[in-house]
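Visitor: Could you walk me through a few of the terms used for this model?
Guide: Gladly; let's take a look together.

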Amino acid sequence: MSLVEASQVEKTYLSGEIQVPAIRSADFTIEAASFVSFVGPSGSGKSTLLNMIGCLDRPTSGSLKVVDTDISQLDRNAAAKFRGQHIGFIFQDFNLIPVLTVAENIEYPLLMVQNWSPEKRQERVKELMDAVDISDQANKYPDQLSGGQKQRVAVARALVTHAKLILADEPTANLDHDTAYRIIDLMKKMRDDYNTTFIFSTHDTKIMDAAEIIYTLEDGQVIQTKGAGNHE
Amino acid sequence: MNRVFRIAARNLLRYRRRTALTTLLITIGVVAMLLFVSTAGSFKAMMVGQITDSMLGHLQIHKKGYVSSIESLPLTLNMKPEMVEKVEAVFASTKGIEAWSPRIKLGAMFSNFAQTTSIRLNGVDPEKELATCPELIKRIIQGDSDKLLEPGKILIPELIAKGLKVKPGDSVVLVATNKDGSVNGINFIVQGVLEGISGPGGRDGYMHIDDARQLLRIDDTEISEIVVRLNNPKSLKQTLQKLNNSLGEVTNQKGQPAFEVHGWDKLSPFSNIAKMIDLMTLFIKVMLVSIVLISVMNVMIMAVYERIREIGTIAAMGTLPSNILKLFVIEGFLLGLLGAILGTAISVVTILILQQAEITFSFGRQTGLVLYPLISINDIVFASVIVVAVSVLASLQPAWKASRMDPIDALRHV
């Protein structure tokens, strides 16, 4: 069973009275523990597709199954629970909570989403901080960190709940090249260590090369351009 | 849960100046309310205590029609002995009555043999009167204040003592007309001078009830009024109801009710001032609620607006809408709690300072009244609960808005 199965997925937005297609008849599958990139120019639909896979949005038509769940059937609360259970997010702007320390930012999903016991939370946070090599910054606040350190914290926060799928929308867009590569390497290592699927979007050609499978989006069409069974 | 409170507290500290200003506003509101309640409430309690404990009692019973003619002190509307017996029988079956005192009220001419003036007098049984109005003896500002009255002696009001230059030990004569129109005069010794207080009867003199009967040539035990003291003044309404029910059944020869029962509030104009104080207290409470509601709602609306992306982030992570709501409501709760604690602390300290300062003030013709503000635990709990509850209420709308945000829109917010 694939982790993500999209069949004839369409997404259209209403702009006034005009229907604007964002995703057209997307058919693809993503297996567990894959390292996948969605690439394409701005406005090609990368974020829309990631939002739908992340249960933040619903397809207009078609079927989209994530972790064997048809996400179009989930209501607001069920979608939130599903995200908290199975999906982690990494954002372009890091989106760390400024009033929380590094350790507390990583701990946050365990506290507010999964309700772990304090001892287990502490243990898991320490494990993740060690994994992303940020333990020495545990008590610092986000505004005391560099961009790369912030994104490491974001990676740890995404992984902390044992998420099966990590979605990263332009995770390196606000980083310099060296740091960007290090973050991509870190994500790949985390995939290897934790067997977690990473899907990230980018329009940086050097970064996209790191992906094992690439789906290219153009005018809402999703075409596999790298990886097993590509249609290139 | 502790961690959630800590996160909420840190969110409040994120905007220190705004949080400080809002807390200050709530604190000022709490202080204003508690100080007003303590000073106005204490003034009201002091005045009501003075009126009931030294003059009117908690309630009074008269023959029907007496109160509307009380200015002329009509002897023709006195209660006959058999009526008094009926009242006594009702008292025996009514719970909550601590003491009662019969009075004969009369008007007389008061003369020091050089000058003459009119005087209103209460003929009382000293023991029963003291049991019913225990503070009366404290109003004796000149003369023997160890006991209330002895036969042949009278207590005169301060105004007459000053006006006619009469002092304790002086001999005076009282001349009164009885209900048949005949005039009688008797010599008395001034036992003491009574401090005048506000309200009806506040400038009356006192004499022994036997002397009053002798002066008015009353042979039987008829009286003008019965003054009643209750065990618990708060049970006035219920006791009035019971007495009205019981005594209402007693009718005169015309088949009309023979008695009328009035609480102190119907006999003293101070009750209107007391009502005004209650109204102003309510107004201050409404002001407090408004201050808290507007300030907390304002600060929470701003907090939600400034943290839209953050709300999108935590929603994307899977935080349930109910948990997002809880996070913001706790922030409002903490704001209210902080304001309530600071406001209460400042109020209590200020009240203690005012108590030590013993500030005096005048009310009507009374001077030298000491302002002694008191605050009850109930008032503090009430103010704190109101502030915290309104703070939670005020943060609900912004918190609800935050919890209903679409994560995608929130994440896109710049």
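Visitor: How many bridges join strand S2 of chain B to S9(B), and which way do the two run?
Guide: This is a predicted model. In it, S2(B), residues 97-111, is joined to S9(B) by six bridges, and the strands run antiparallel. Pro102(B) has Ile226(B) as its bridge partner in S9(B).

Visitor: What makes strand S1 of chain B and S9(B) count as paired?
Guide: Pairing needs at least two bridges. Four bridges join S1(B), residues 59-63, to S9(B), so the two count as paired. They run antiparallel, and Gln60(B) stands opposite Val227(B).

Visitor: Why is strand S9 of chain B called largely enclosed by the rest of the structure?
Guide: A residue is buried if 20 or more other C-beta atoms lie within 10 Å of its own. Six of the six residues of S9(B), residues 225-230, are buried, so the strand is largely enclosed. Glu225(B), Val227(B) and Arg229(B) point one way, Ile226(B), Val228(B) and Leu230(B) the other, and all are buried.

Visitor: Over in chain A, at what angle do helices H5 and H6 pack?
Guide: H5(A), residues 147-159, and H6(A), residues 177-194, pack at about 20°, with axes 10 Å apart. Angles under 35 degrees count as roughly parallel, so H5(A) is roughly parallel to H6(A). Their crossing is right-handed.

Visitor: Which residues make that contact?
Guide: Among them are Gln151(A) and Val155(A) of H5(A), and Ile183(A) and Leu186(A) of H6(A). The residues of this contact divide into seven nonpolar, four polar and two charged.

Methods:
Residues are numbered from 1 along each chain as its sequence is written. Chains are lettered from A and ligands numbered from 1 in the order in which they are written. This is a predicted model: local features need pLDDT of at least 70, side-chain atom pairs count only at pLDDT 80 or more; totals for chains, interfaces and linings use all residues. Axes are lines fitted to C-alpha atoms, for helices over the stretch in contact, and angles run from 0 to 180 degrees between N-to-C directions. Angles under 35 degrees count as roughly parallel, over 145 as roughly antiparallel, 65 to 115 as roughly perpendicular and the rest as oblique. A crossing is left-handed if the near helix is turned anticlockwise from the far one by less than a right angle, and right-handed if clockwise. Two residues are in contact if their C-beta atoms, placed from the backbone, lie within 7 Å. Ala, Val, Leu, Ile, Met, Phe, Trp, Tyr, Cys and Pro count as nonpolar, Asp, Glu, Lys and Arg as charged, and the others, Gly among them, as polar. A residue is buried if 20 or more other C-beta atoms lie within 10 Å of its own, exposed if 12 or fewer, and partly exposed in between; C-beta atoms are placed from the backbone.
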